[in-house]
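Welcome! Please take a moment to look over the sequence and the 3D view, and then let us walk through them together.

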Amino acid sequence: MADKKVDENLDLGEEKESGSKKMIILMAVGGLLLLLTGVGISYFLFAGGEPSAEGGEEAEEEVVEAPTPAIYHALKPEFTVNLPPGGKARMMQLNIQVMSRDQSVIDLVAANDPMVRHTLLNIFGSQDSEKLRDRKGKEALQTEILNSLNKIVKEQEGTGEVEAVFFTSFVMQ
């Protein structure tokens with residue numbers, strides 16, 4: 001009887017020791033998991049977000065192409081036009097340059113010079129001299145010329161467009 005009690009007591013003691021070891025191991029594993037989770041969240045928030053943002057900027061920078069240089073073409077000779085009667089000015093004289101970044105568009109405008117000049121002379125001949133005295137009127141005329149030139153480019157099946165029209169001289173008398 002006494003031996004049985006000792007054996008039972010010994011068995012209980014071994015279980016207690018193995019139970020406490022399991023508890024220590026579980027606590028260590030739980031602490032390690034908690035530590036790894038914290039490190040992962042910190043990496044995601046502070047280190048993981050920045051490289052992707054920078055990587056996005058790098059990707060955008062790679063997509064951006066360097067603009068091709070502007071090509072200017074002077075419409076020669078200068079335009080001299082009689083203005084409609086009724087205004088203070090009776091005549092207008094202009095020098096015009098067109099700008100594009102596509103040489104084929106400049107070549108197309110030069111090759112169709114008679115059509116371009118005819119269209120522009122019709123536009124100039126219908127202008128009110130009073131509206132052309134201020135900047136707003138001249139900018140409206142620039143826009144009308146630009147739209148007409150791009151329409152000609154499209155009609156001639158050009159691939160690009162005229163980007164800007166510049167008056168290099170503008171005289172009304």
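How exposed are the two partners, Glu139 and Arg135? Glu139 is partly exposed, with a relative accessible area of 36%, whereas Arg135 counts as exposed at 66%.

Please keep in mind that this is a predicted model.

## The overall layout

Now let us step back to see the whole chain. The protein contains four helices and three strands. Reading from the N terminus, the order of these elements is α-β-β-α-α-α-β. Helix 1 covers residues 2–63, and strand 1 covers residues 71–82. Strand 2 runs over 91–100, with helix 2 at 103–111. Towards the other end you will find helix 4 at 135–155 and strand 3 at 164–172.

How much of the protein is buried? Of its 173 residues, 23% are buried. The accessible surface amounts to about 12600 Å², and carbon and sulfur atoms account for 58% of that area. Contacts also tell us something about the fold: among those between residues at least 6 apart in sequence, 72% join residues at least 24 apart.

## Two further salt bridges

How many salt bridges does a search of the whole structure find? The search finds three. One of them links Glu163 with Arg101, where the closest N and O atoms are 3.4 Å apart. Glu163 belongs to the loop between helix 4 and strand 3, while Arg101 belongs to the loop between strand 2 and helix 2, so this pair ties together parts that are 62 residues apart in sequence. Glu163 is partly exposed, with a relative accessibility of 36%, and Arg101 is also partly exposed, at 35%.

Arg133 and Glu130 make a salt bridge as well, with 3.9 Å from N to O. A salt bridge here requires a distance within 4 Å, so this pair qualifies. Arg133 is partly exposed at 46% relative accessibility, and Glu130 is partly exposed at 38%.

Next, turn to helix 1 and look for Val39. Together with Leu32, Leu35 and Leu36, Val39 makes a nonpolar surface patch of about 400 Å².

## Two details of the backbone

Most residues other than glycine have a negative phi, and most peptide bonds are trans.

Where is there a cis peptide bond? Such a bond joins Lys76 and Pro77, with an omega of about -5 degrees. Pro77 has its place in strand 1.

The other detail concerns Glu157, which is not a glycine and yet has a positive phi of about 60 degrees. You can find Glu157 in the loop between helix 4 and strand 3. Is Glu157 buried or exposed? With a relative accessible area of 73%, Glu157 is exposed. The loop that holds Glu157 also holds Glu163, the partner of Arg101 described above.

Conventions
Residues are numbered from 1 along each chain as its sequence is written. This is a predicted model: local features need pLDDT of at least 70, side-chain atom pairs count only at pLDDT 80 or more; totals for chains, interfaces and linings use all residues. Side-chain values use heavy atoms; hydrogens and water are left out. Patches are made of residues with over 30% relative accessible area and no salt bridge: like charges are joined within 9 Å, nonpolar side chains (Val, Leu, Ile, Met, Phe, Trp, Tyr) within 5 Å. Accessible areas come from the Shrake-Rupley method with a 1.4 Å probe; for residues, only the protein chains shown count as cover. A salt bridge is a side-chain nitrogen of Lys or Arg within 4 Å of a carboxyl oxygen of Asp or Glu. Helices (H or I, at least four residues) and strands (E, at least two) are DSSP runs, numbered from the N terminus. Buried means under 20% relative accessible area, exposed over 50%, partly exposed in between (1.4 Å probe, protein chains only). Contact means heavy atoms within 4.5 Å.
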